[in-house]
Amino acid sequence: MLQKYKQRAVKIIFAGYIFVVMIITQFPIKLPFKIDITKVQYNLVPFYFLIKRIEALREASRAGYNIKEYLLPTFEIIFKTFGYNIILFLPFGFLLPIIRKDCPLKKVTYYSFSFSLCIEVLQLISMIMTNNSGRCFDIDDIIANTIGGIVGFYFCIISKRLLMLIFKGVDL
């Protein structure tokens, strides 16, 4: 009976997490609705942002600038670009195997990718319908989110194993 309540609690937490992710990634939606595809922003080249940052550092170095002062801001921007998306999807990869008992890495990767793709497509639709240039369809976000789901999956596996070691013989 207690296991049933635990499972229900995890499902509620997961639903709340999905709700929060949708708020973070989709809002605010600016009104009025006006279809305009001229200001749509997108990136379909994997790691394009990272490549451009490295190229900028090389150019600064060639121009004689001390690139050491540019390294920290560059790494900060890269972390914000990739790190936040990875962190955003850690709970997804962590909670999914708890909710669905038969959810190996392959499925977590697939679901992380699919959910991330849905988010990016919704952002694209929002961008087109509201003329909102605050969002961008970005393949790097999909890659980072999928990585976050995978890392979350491994955190789940490690956590389960640690709990089994700690509470060996105790029925949770």
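**Exercise 1.** State in what order the elements of the protein chain run from the N terminus on.

*Solution.* The order is α-β-α-α-α-β-α. This comes to five helices and two strands, where helices (H or I, at least four residues) and strands (E, at least two) are DSSP runs numbered from the N terminus. The model is predicted: local features need pLDDT of at least 70, side-chain atom pairs count only at pLDDT 80 or more, and totals for chains, interfaces and linings use all residues. Residues are numbered from 1 along each chain as its sequence is written, and side-chain values use heavy atoms, with hydrogens and water left out.

**Exercise 2.** Describe the largest nonpolar core and the elements that give residues to this core.

*Solution.* A nonpolar core is a set of buried (under 20% relative accessible area, 1.4 Å probe, protein chains only) Ala, Val, Leu, Ile, Met, Phe, Trp, Tyr and Cys residues joined through side-chain atoms within 4.5 Å. The largest has 17 residues, and Phe 14, Tyr 17, Val 21, Phe 89, Phe 92, Leu 96 and Phe 115 touch the most other members. Two or more residues come from each of helix H1 (2-26), helix H3 (68-99), H4 and H5. H3 gives the most, with seven residues.

**Exercise 3.** Characterise the packing of helix H4 (residues 105-130) and helix H5 (residues 139-166).

*Solution.* The axes, lines fitted to C-alpha atoms over the stretch in contact, come within 8 Å and cross at roughly 145°, with angles running from 0 to 180 degrees between N-to-C directions. The contact (heavy atoms within 4.5 Å) includes Phe 113 of H4 and Phe 153 of H5. Its residues divide into eight nonpolar, six polar and two charged.

Notes: Nonpolar A, V, L, I, M, F, W, Y, C, P; charged D, E, K, R; others polar. Buried < 20%, exposed > 50% of the residue type's maximum accessible area, 1.4 Å probe, protein only.
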